[in-house]
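Here is a short tour of a protein model, written for someone meeting it for the first time. Take a look at the structure, then read on.

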Amino acid sequence: MKHLARLWDKIDDNKVKCHVCANECLITPGNVGICRTRKNFDGKLFTLIYGSLISSGSIDPIEKKPLYNFWPGATAYSIASIGCSFRCANCQNWSISQASPSDNGKNGFYTLEGLENRRMSLIELSPEELVKRVVKSKAKTLAYTYNEPLIWHEWILDVTPLLKRENIKSILVTNGYSTPEASKELIEVGIDAANIDVKSMSDTFYKKICGVKSVKPVLETAKRFKEYGIHVEITNLIIPDLNDKKEEIKQLCDWVVNNLGKDTPVHFSAYHPDFKMPSRKRTSYRTLDMAYNIAREAGLYFPYIGNIHHEKGSNTYCPQCNHLLIGREGYSFTKIDITEDKKCPNCGYSLENAIIGEINKNRKDRFAFF
Ligand code: SF4
Ligand code: SF4
């Protein structure tokens, strides 16, 4: 629904400049920003997707976000809207990320070639109605996911305090293209965790594949979130011939070690063909195994492999003695061997600051539907 936006300045001739993401769009009257979800009405900026959802929510394992070191085994009530600040040629969720909202936020439509007549109905919820549903579902966390949550800024700022009252954690699954002022508001309202997609360390990749200027704002967001106590995990989707070189993967791992810390989980994920890159081949096991080994050599404690079976890549090992602490097969646990006070049972190493929240060993709670 239409709602006055935050974080914009009025320039001359009724133009406005949006500071919600690092695109910092300059928007003339009657037009929308790059995300298509913020529109200038007579010199005032409005979001069109406040409380506009693609569905009333679904229950996912938190590992699907992916978050492995935050409330392991919890359920994540997952919600999405439409739009994105990027235009990734490989987007797996392009049917929502590349849609535009109508002016009242009740419908989505496409301007993509060949899809001009396609429409979708969006569900409207108030923050209170959403939180009631999350409480009823018994999920411990809520994840803003599938499309880009940073462009849902006002909605997230209103929902998060209500979730806090119910002791439900808030998670962003994001491209990280934030600004200092938008990040500050998200930190202050109390976002608990974020999975940030670092797609590449190269500005050329960001320009060519994602349609934005630089990786720099993404790295700054990750640092800022981590510094102010948000639990951060990184995802790197490895695409053959685009970002799969040993040097680039090493550069990413070194950056994480030096800027976020060795205990920051990094998920290397396998690409499968989608959207504007249907004929590019899938990421091989060999490449992902190489990434896993590079990460370990760089000193990262918790590298993970996603979207492909890898014998070690789903497991959590003790950083000190390599004891298997949490074994996983897909989104299920095969083993949990960690003390109640989060120590390695083999060497006593403390994981108190590395694995956040309770570990849900009760499978029945896990896939509770509502
Ligand atoms: S949220 Fe980002 S992409 Fe959307 S209008 Fe604002 S600056 Fe532009
Ligand atoms: S940032 Fe994510 S949701 Fe947005 S276009 Fe890229 S892959 Fe899709």
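R6 and E185 form a salt bridge, and their closest N and O atoms are 2.9 Å apart. Keep in mind as you read that this model is predicted.

The domain assignment gives domain 1 as residues 3-48 and domain 2 as residues 53-312. How many salt bridges are counted between domain 1 and domain 2? The count is three. Contact also involves 20 residues of domain 1 and 28 residues of domain 2. About 1,900 Å² of area is buried between the two domains, and carbon and sulfur atoms give 52% of this area.

Now let us turn to the ligands. The space that ligand 1 takes is the largest cavity, while ligand 2 takes the space of the largest pocket. Among the residues around ligand 1 are C18, C21, C25 and C35, and I151 is also there. Ligand 2 has C84, C88 and C91 around it, along with others including F86, Y146 and K199.

The table sorts each shell by residue class.

| Shell | Nonpolar | Polar | Charged |
|---|---|---|---|
| Ligand 2 | five residues | three residues | one residue |

The charged residues around ligand 1 include E24 and R38, and K199 is the charged one around ligand 2.

Definitions and conventions
Residues are numbered from 1 along each chain as its sequence is written. Chains are lettered from A and ligands numbered from 1 in the order in which they are written. This is a predicted model: local features need pLDDT of at least 70, side-chain atom pairs count only at pLDDT 80 or more; totals for chains, interfaces and linings use all residues. Side-chain values use heavy atoms; hydrogens and water are left out. A residue is near a molecule or strand if one of its heavy atoms lies within 4 Å of it. On a 1 Å grid over the protein atoms alone, a cavity is a set of points where a 1.4 Å probe fits but cannot get out, and a pocket is an open set with protein on both sides within 12 Å along at least five of seven lines; lining residues have an atom within 4 Å of a point. A molecule sits in a cavity or pocket if more than half of its atoms lie within 2 Å of its grid points. Domain bounds come from an automatic or database domain assignment. Contact means heavy atoms within 4.5 Å. Buried area is the accessible area (1.4 Å probe) that two parts lose on being put together, summed over both. A salt bridge is a side-chain nitrogen of Lys or Arg within 4 Å of a carboxyl oxygen of Asp or Glu.
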